[in-house]
Amino acid sequence: MASLFKDLAKISAYRDRRFPGTQEEFEDALLKLTTVYVGNMSFYTTEEQVYELFSRAGEIKKIVMEQDKNSKTPCGFCFVMRRIHVSVRVVILMKRRT
């Protein structure tokens, strides 16, 4: 049976080579992330819509919506920076209810 979530108890073997610490420090940092990447967004999605959706799961520190450098139109993705760590599961479940 397919599942939306991977087993979150297992951390990927991926390692960012630019991370200055050990593998254990890297894994600890992953568990404390407060930034969520949101992709595959409509080009017509506004920052206000993203804020309204994600603020339901907790306080938001900042939203960064990238724009095409030539046309100044949205690129279809953004980063949502939160004040505290919130499970990605919570955010996805909140999104499904909208």
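M65 stands opposite C78 in strand 3. The model is predicted, so that local features need pLDDT of at least 70 and side-chain atom pairs count only at pLDDT 80 or more, while totals for chains, interfaces and linings use all residues. Residues are numbered from 1 along each chain as its sequence is written, and side-chain values use heavy atoms, with hydrogens and water left out.

The chain has 3 helices and 3 strands, where helices (H or I, at least four residues) and strands (E, at least two) are DSSP runs numbered from the N terminus. Read from the N terminus on, the order of elements is α-β-α-β-β-α.

The 3 strands form an open sheet in the order 1-3-2, with antiparallel pairing; two strands pair if DSSP finds at least two bridges between them. Strand 1 and strand 2 (60-67) are the edge strands, each pairing on one side only. On average, neighbouring strands of this sheet are turned by 20° against each other, direction ignored. Strand 2 is joined to strand 3 (residues 74-82) by 6 bridges, and one of the residues involved is Q67, whose bridge partner in strand 3 is P74. These two strands, strand 2 and strand 3, form a hairpin with 6 residues between them, and K72 in the turn has a positive phi of about 60°.

Helix 2 lies across strand 1, strand 2 and strand 3, running at about 145° to strand 2. Axes here are lines fitted to C-alpha atoms, for helices over the stretch in contact, and angles run from 0 to 180 degrees between N-to-C directions.

The loop between strand 1 (35-38) and helix 2 (47-54) holds T45. The side chain of T45 reaches the backbone oxygen of S42 at 3.1 Å. Leaving aside its neighbours within four places in sequence, T45 is in contact (heavy atoms within 4.5 Å) with V50 and M65.

What about the cysteines? C78 is buried because its relative accessible area is 0%, whereas C75 counts as partly exposed because its relative accessibility is 33%. Buried means under 20% relative accessible area, exposed over 50%, and partly exposed in between (1.4 Å probe, protein chains only). A search of the whole structure finds 0 disulfides, a disulfide being a pair of cysteine sulfur atoms within 2.5 Å. Across the chain, buried residues make up 19% of the 98 residues.

Methods: Polar contact = N/O pair within 3.5 Å; in protein donor to acceptor, adjacent residues only side chain to side chain.
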